[in-house]
Amino acid sequence: MNSVINCADALCRVFWRPALTRQRIRDFQDQCLRRLIGHAYENVPYYRRLFDRNGIDPRDIRTASDLKALPITTKDDLRRVPMKDTLSRGVNPDRLLTVGTSGSTGEPFTIRRTRLERQLQHSYWVRAMRYFGLRATDRISSIVFIRPAHSQPGRFRRLLNALGIGGQVLIDCREPRKEIVRVLRQFRPDFLGGYAGVLSHIAEVITEQDRRHIGARVTWSAAEVLTQQMRDQIRSAFGTQVYNIYGSHEI
């Protein structure tokens, strides 16, 4: 528990004090890496067996440059072992949150995490968005693959949307392009995000009138490679800065 608290405290310091030197960031990363490797070996049966089988002493993994010594674990490797072997000792699986990836860049995968870990991941996202200029009252539209369980916003989100105070709307990327543009015109997001390929595909049908009516201030892409041609196309269509975000539930 203490190690979790210490890491959470360190992460909060990084979040609220983003102006760190590159060396300070690397030192922080290596410190967390050593804690992670030691914790995995001491508490997670799967990783103890993996290290022992490959003759790896966890104390030899000191910095990111040492990671090349570790054998790769694939998602299929984790699917083949019992869930209890991939969880830390003492963790009650019934108290963990279960997240399923969409499979947009591969096969769907199930991840289990604590509520603290979920909040930390959300903090990373907010930190990036703050850097791009996100304000508390901004309206956000995300064009993504929507599973049925995620098709409707929560009660608090619905209230914000109704009051016109910030809020967020999710748009299914499988909808026809004209329907997506219609929703964007209706919602008028300040921040517009989605998969790089989807945004590029929609940009092909955006008119000058659409651009003025949507009025987005920032566009961000994720989940796919954003080429320079796609970036230029999205920037031209929506008249915004285009940023690229990398996120991973598996982290």
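Modeller: Contact here means heavy atoms within 4.5 Å, and helices (H or I, at least four residues) are DSSP runs numbered from the N terminus. This is a predicted model, in which local features need pLDDT of at least 70 and side-chain atom pairs count only at pLDDT 80 or more, while totals for chains, interfaces and linings use all residues. Residues are numbered from 1 along each chain as its sequence is written, and side-chain values use heavy atoms, with hydrogens and water left out.

With that in place, the part to look at is where Ala196, Gly197, Leu199, Ser200, Ile202 and Ala203 of helix 8 meet Met230, Gln233, Ile234, Ala237 and Phe238 of helix 10. By class, this contact has eight nonpolar, three polar and no charged residues, where Ala, Val, Leu, Ile, Met, Phe, Trp, Tyr, Cys and Pro count as nonpolar, Asp, Glu, Lys and Arg as charged, and the others, Gly among them, as polar.

Helix 8, residues 196-203, packs against helix 10 at an angle of about 50°, and their axes are 9 Å apart; axes are lines fitted to C-alpha atoms, for helices over the stretch in contact, and angles run from 0 to 180 degrees between N-to-C directions. The two helices are therefore oblique to each other, since angles under 35 degrees count as roughly parallel, over 145 as roughly antiparallel, 65 to 115 as roughly perpendicular and the rest as oblique. Helix 8 passes helix 10 in a left-handed crossing, meaning that the near helix is turned anticlockwise from the far one by less than a right angle.
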